[in-house]
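Colleague: I'd like to learn how to read sheets and helix packing in a model like this one. Could you walk me through it?

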Amino acid sequence: MYQKMKGTYDLLPEQTRKYQQLEKVIRNVSKIFNYNEIRTPIFEATNLFHRGVGETTDIVSKETYTFTDRGKRSNTLRPEGTAGVVRSYIENKLYAAKIPVQKLYYVGPMFRYERPQKGRYRQFLQFGAEAFGSSSPMLDAEVISYAVSILRALKIKDVTVHVNSIGDDESKQKYREALVSYLDGKVDTLCSDCHNRFKTNPLRILDCKIDKDSDVLKNAPKPVQYLTESAKEHFDNVIKYLEAMEIDYIVDESLVRGLDYYTHTVFEVNAHLDSLGAQNTICGGGRYDNLVESLGGPKTPGVGFAFGMERLMFALESINFLGEPEYLHLYMMVLGEEQKEEGMKLLNRCRLGGLISDIDFLDKGMKPQFKLAANLKARFIAIYGEEEQKQGVINLKDQESGEQITIKKEKLYNKIITELMNPSSNCTDCAEESCDSCE
Ligand code: ATP
Ligand code: MG
């Protein structure tokens with residue numbers, strides 16, 4: 001009997017359905033951030049990855065699936081998505097498109113010859129995003145916010161976002177020198193891979209899975225100490241925009257990432273789930289201002305991330321998210337003929353703003369409407385009756401927390417959005433003119 005190859009897996013229909021749902025959420029959030037899907041080939045010329053990902057990275061030096069085809073060309077199954085997207089960006093001259101900042105995402109299989117274990121496969125799925133054409137720190141922050149929004153939409157809460165900056169070329173160069181002189185004489189205590197890294201690319205020693213908790217690495221100089229003024233300013237601004245978007249993050253001064261192409265911001269998202277074990281990094285990304293140029297395109301900055309979909313799926317299964325596919329953001333409950341007109345108006349506003357919303361069409365009473373709202377899995381129920389109409393207010397019940405508040409009816413949409421974005425905001429005085437959280 002034939003068996004699947006080591007490090008691969010079958011998705012039977014039940015499991016496939018879950019992946020389809022995960023992809024649906026990914027596509028919805030991507031739309032909101034205005035990222036569009038790109039599909040590139042699963043294999044590329046081998047030297048694209050040598051050049052793009054880096055000859056001395058683990059991915060390229062130890063993990064690629066490479067074969068020579070019948071025309072004697074060397075092909076490699078893509079181990080990651082960025083190099084292929086950049087190749088396509090250059091080949092299709094997307095840098096000359098009418099829209100100067102190109103925002104792209106992809107979903108698809110990647111291949112790495114690794115030691116298979118839970119959360120680590122030889123064929124695995126990544127969802128990733130790349131934004132080209134701006135070196136603004138706003139774009140770094142947007143990309144991080146996009147990754148965080150995916151997790152929020154999936155209701156994966158127990159995560160930490162680690163960010164750091166490795167700076168521009170000058171900062172990286174100065175840091176590399178400092179690290180080399182610090183490590184000189186200490187390398188012998190590190191693993192054999194680190195001996196090689198010391199010669200080829202010392203920065204990656206900090207990313208070593210074997211030695212990362214050793215005193216030598218813990219006490220090593222950190223990239224932040226070698227940032228140039230402008231690199232520091234860039235990073236400060238990224239942080240400023242993260243704060244503005246209320247994204248929780250940790251500055252992790254030891255964070256570098258395994259690939260050669262990163263500059264400035266690097267980040268990782270870890271999920272805290274026992275089921276993930278050691279493989280708890282679900283997303284990694286950063287800025288790469290030299291990559292497009294080094295692959296033969298015009299000098300174009302870029303920033304992106306990649307999620308491991310299997311690890312996302314473990315996280316989702318542990319919170320049972322995919323058991324309940326359909327839901328509403330809002331169920332609008334009008335309690336009389338006179339309230340229907342205003343009810344339809346409010347409902348329409350919420351729908352135009354993107355909230356999945358519904359209403360009763362059968363003139364049911366309050367009790368059956370509550371039942372219907374529960375069956376429709378509505379997160380919020382807005383109740384609008386005679387008394388509310390007189391006062392110009394509406395009652396809003398959060399089915400998740402069980403709380404019910406009264407707000408001015410014009411604030412319905414804003415209040416729901418605020419709650420969806422920031423579940424902790426809890427205003428009980430919304431009828432007041434001066435309430436900030438629902439302004
Ligand atoms: P790790 O440190 O776990 O090896 P990485 O730094 O090699 O990850 P990236 O190249 O940044 O990973 O890929 C982005 C994401 O893809 C990772 O955070 C992880 O979730 C996922 N990933 C990477 N390699 C694998 C694999 N072999 N199997 C499943 N998922 C993977
Ligand atoms: Mg790896």
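This is a predicted model: local features need pLDDT of at least 70, side-chain atom pairs count only at pLDDT 80 or more; totals for chains, interfaces and linings use all residues.

Colleague: What holds strands together in general, and which residue of S4 is the bridge partner of Tyr65?

Modeller: Strands of a sheet pair through backbone hydrogen bonds, and the pairing can be parallel or antiparallel. Here, Tyr65 has Leu77 in S4 as its bridge partner.

Colleague: What is the strand order of the sheet that this pair belongs to?

Modeller: The order is S2-S4-S3, an open sheet of three strands with antiparallel pairing. Strand S2 (43–45) and strand S3 (65–68) are the edge strands, each pairing on one side only. On average, neighbouring strands are turned by 35° against each other, ignoring direction.

Colleague: Which strands does H2 touch when it packs on that sheet?

Modeller: H2 touches S2, S3 and S4, and its direction makes about 80° with that of S2.

Colleague: Now helix against helix. How do I read the packing angle of H2 and H4?

Modeller: Look at the angle between the axes, where 65 to 115 degrees counts as roughly perpendicular. Helix H2 (residues 46–54) and helix H4 (residues 82–91) pack at about 105°, with their axes 9 Å apart, so H2 and H4 are roughly perpendicular to each other.

Colleague: Which residues make that contact between H2 and H4?

Modeller: From H2 you have Leu48, Phe49 and Val53, and from H4 there are Ala83, Gly84 and Arg87. By type, the residues of this contact split into four nonpolar, one polar and one charged.

Colleague: At what angle do H1 and H5 cross?

Modeller: Helix H1 (residues 13–32) and helix H5 (residues 137–153) cross at roughly 135°, and their axes come within 10 Å. H1 and H5 are therefore oblique to each other. The handedness of their crossing is right-handed.

Colleague: And what sits in the contact of H1 with H5?

Modeller: H1 brings Val25, Ile26, Val29 and Ser30, while H5 brings Tyr146, Ser149, Ile150 and Ala153. The residues in this contact are six nonpolar, two polar and no charged.

Colleague: Let's zoom out. How is the protein chain divided into domains?

Modeller: Domain 1 takes in 13–168 + 228–317, and domain 2 is 328–421. Taken over C-alpha atoms, the centres of domain 1 and domain 2 are separated by 39 Å.

Colleague: What about the sheet with S12 in it: what are its strand order and pairing?

Modeller: The order there is S13-S12-S14-S15-S16, an open sheet of five strands with mixed pairing. Its edge strands, strand S13 (357–359) and strand S16 (404–408), each pair on one side only. Neighbouring strands of this sheet are turned by 25° against each other on average, direction ignored.

Colleague: How many bridges join S12 to S13?

Modeller: Three bridges join strand S12 (residues 328–334) to S13, and the two run parallel. To pick out a residue pair, take Tyr331, whose bridge partner in S13 is Asp358.

Colleague: Which strands do H13 and H15 lie across?

Modeller: Helix H13 (residues 366–375) lies across S12, strand S14 (378–384) and strand S15 (393–398), and runs at about 170° to S12. Helix H15 (residues 412–421) lies across S12, S14, S15 and S16, running at about 155° to S14.

Note on methods: Residues are numbered from 1 along each chain as its sequence is written. Chains are lettered from A and ligands numbered from 1 in the order in which they are written. Side-chain values use heavy atoms; hydrogens and water are left out. Axes are lines fitted to C-alpha atoms, for helices over the stretch in contact, and angles run from 0 to 180 degrees between N-to-C directions. Helices (H or I, at least four residues) and strands (E, at least two) are DSSP runs, numbered from the N terminus. Angles under 35 degrees count as roughly parallel, over 145 as roughly antiparallel, 65 to 115 as roughly perpendicular and the rest as oblique. A crossing is left-handed if the near helix is turned anticlockwise from the far one by less than a right angle, and right-handed if clockwise. Contact means heavy atoms within 4.5 Å. Ala, Val, Leu, Ile, Met, Phe, Trp, Tyr, Cys and Pro count as nonpolar, Asp, Glu, Lys and Arg as charged, and the others, Gly among them, as polar. Domain bounds come from an automatic or database domain assignment. Two strands pair if DSSP finds at least two bridges between them.
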